[in-house]
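My entries follow in the order I made them.

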Amino acid sequence: MLEKRNPIPVSRAVSLVMEAAGTGTVETVSILASHGRVLAKDIIADHDIPLFDRSPYDGFAIRSIDTADARSGNGVTLEVIGEIGAGTVFPIKAGPFQTVRIMTGAPIPDGCDAVIMLELTKEITKDSQTFIEIKRSLKAGENISFQGEDTKKGTILAQKGAYINAGITALLATFGSRDVPVVSKPVIGVLATGSELVEVEEPLEPGKIRNSNAYMIIAQIERAGGRGVYLGKLNDDKEKCLEAVQNALSDVDHLITTGGVSVGDYDYLPEIYKEMGAEVLFNKVAMRPGSVTTVARMGKKLLFGLSGNPSACYVGFELFVRPIVRSTLLSERPHLRKVKGVLGEDFTKANPFTRFVRGKIEIDDNGTLVASPTGFNKSSAVSSLADTDVFLVLPGGTRGYQKGMLVDILLLDDQQGSEWPWGNIVPSYK
Ligand SMILES: Nc1nc2c(c(=O)[nH]1)N[C@H]1C(S)=C(S)[C@@H](COP(=O)(O)OP(=O)(O)OC[C@H]3O[C@@H](n4cnc5c(N)ncnc54)[C@H](O)[C@@H]3O)O[C@H]1N2
Ligand code: MOO
Ligand SMILES: [Mg+2]
């Protein structure tokens, strides 16, 4: 007798999964390997930036008081007592009507309180001594990069849980972090099921298809910030699948399977979860594609039973697995970031379940975000995933959607994320 499945709302399904979210451990990596990882410790400025008053220009460091009467037609002459490049400190204090030739980034010499750009000065040589003439007055502090103007010692510049981008890498280097504490990547195993599958390097035969989902999922795990481990493909043999799932689970933090979660004769995952004694959190979600997505729990580990259909598998990953990866990586915004935009074309097919249409975004001439489906829209589609950078969220109902309507858009290639995008998805937009 076929077991009746009760679809639950997406938001409820995500909440159930998130109850199993854990936090990751810490490891240290070289700064050169830290890009794209997640900080395990705040970055706190341990000194001011700049660390000392310095020149923003190539020119001359002067005493502003000496230029008080300077103007066009009445230049002031200053004696050049030396020169300083970035990296050294000038050893002498400048006295009245003395100046020091200075390069960008060099510390302001003692006695000086302003800098004039090279282009605004005229060099004069008299008795083999160098002078400059200045025809304008400068205020104290003019053209100086002051100590601490960028940031002050003690400021928290990046927080634990932040994605290490190029800017954070610059901060790590600024404050001398050669070894960077990062959150260890959660290890997610991937098993593909289906007797129809051949491996990527194998030739096709009648009735067979290539296993694309496993590789797609590994890429999605990596985009989310986890480490994907490909554990192979399995034929539709219940005992072998049960054994493989049980063995795999001991080596990974969480396990993803693809295929075999629907009601077909060879869809063994539901029975496997039962035999293992795993707690099934849900086996039907009110969404398209991916309605058959099933998630079970064994202690702290989650078993994500993603659909075999490529688009359904892709969507199931982004909605349910991604937030688990991100919260392990200490993100407080582990879900897909939601923005609003307009629908780029009619989507007339109504559906009782919320649709996650694979789409791409563009910004039109008025600056409006326009999201359009990427093409063939069935759950089985693989071709339209290549151009996909967003999901258009089209809530279930009896009506379709017209071009120009306001829609919720979930961004896939994004590091900012969202705390909870499911709160105010409304049934239709006018
Ligand atoms: N009577 C019903 N039939 C189906 C239902 C239903 O509710 N009642 N649900 C449909 C929906 S919705 C989906 S989605 C699929 C889900 O199927 P499974 O998750 O059980 O996956 P399979 O049956 O193993 O395969 C489905 C499809 O995907 C292809 N596939 C599988 N693995 C891969 C892979 N690694 N790479 C690429 N493609 C893969 C497979 O060949 C099938 O074509 O069930 C519907 N049926
Ligand atoms: O799980 Mo299916 O993908 O709803 O079409
Ligand atoms: Mg099936």
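**Ligand 1.** I began with the shell around ligand 1, to which α3 and α6 (310-328) each supply at least two residues. Helices here are DSSP runs of H or I with at least four residues, strands are E runs of at least two, and both are numbered from the N terminus. A residue counts as near a molecule or strand if its C-beta atom, placed from the backbone, lies within 6 Å of it. The shell has 27 residues, and N213, G259, S262, S307 and G308 come nearest to ligand 1. I then sorted the shell by class: 10 nonpolar, 15 polar and two charged. For this, Ala, Val, Leu, Ile, Met, Phe, Trp, Tyr, Cys and Pro are nonpolar, Asp, Glu, Lys and Arg are charged, and the others, Gly among them, are polar.

**Conventions.** The model is predicted: local features need pLDDT of at least 70, side-chain atom pairs count only at pLDDT 80 or more, and totals for chains, interfaces and linings use all residues. Residues are numbered from 1 along each chain as its sequence is written, while chains are lettered from A and ligands numbered from 1 in the order in which they are written.

**Ligand 2.** I listed the residues around ligand 2: R288, P289, G290, S291, V292, S307, N309, A312 and S379. By class I get three nonpolar, five polar and one charged.

**Sheet with β14 and β16.** Which order do the strands take in this open sheet? I read six strands as β14-β11-β15-β19-β18-β16, with mixed pairing. Two strands pair if DSSP finds at least two bridges between them. At the edges sit β14 (227-234) and β16 (279-282), each pairing on one side only. On average, neighbouring strands of this sheet are turned by 20° against each other, direction ignored. Axes are lines fitted to C-alpha atoms, for helices over the stretch in contact, and angles run from 0 to 180 degrees between N-to-C directions.

I checked one pair inside this sheet. Strands β18 (residues 294-298) and β19 (residues 301-306) are antiparallel, over five bridges. A296 stands opposite L303 in β19.

**Helices on the sheet.** I found α3 (residues 213-224) packed on the sheet, touching β11 (187-193), β14 and β15 (254-258). Its direction makes about 170° with that of β14. Contact means that the C-beta atoms of two residues, placed from the backbone, lie within 7 Å.

Helix α1 (residues 10-18) lies across β16, β18 and β19, and runs at about 145° to β16. Its buried residues are V10, A13, V14 and V17. They sit on the same side of α1 because they cover an arc of only 100° around the axis. The arc is that of the directions from the helix axis to the C-beta atoms. What covers these buried residues includes β16, β17 (287-288), β18, β19, α6 and β21 (354-363). Buried means 20 or more other C-beta atoms within 10 Å of the residue's own, exposed means 12 or fewer, and partly exposed is in between, with C-beta atoms placed from the backbone.

**Helix α5.** Which residues of α5 (residues 269-276) are buried? I get L269, I272 and Y273. These also cover an arc of only 100° around the axis, which puts them on the same side of α5. They pack against α4 (238-249), β15, β16, β18 and β19. Just after α5, G277 takes a positive phi of about 80°.

**L234.** I looked up L234, which is placed in strand β14. L234 is buried, with 21 other C-beta atoms within 10 Å. Leaving out residues up to four places away in sequence, L234 touches L191, T193, K240, C241 and A244.

**Sheet with β6 and β7.** A further open sheet has six strands in the order β6-β3-β5-β4-β8-β7, again with mixed pairing. Its edge strands are β6 (114-117) and β7 (121-126). Neighbouring strands here are turned by 40° on average, direction ignored. Within it, β3 (residues 59-62) and β5 (residues 98-102) pair antiparallel over three bridges. F60 has R101 as its bridge partner in β5.

**Strand β24.** My last entry concerns β24 (residues 406-411), which pairs with β20 (residues 337-343) in the antiparallel sense over six bridges. R337 stands opposite L411. Four bridges join β23 (residues 390-394) to β24, also antiparallel. There V393 stands opposite D408.
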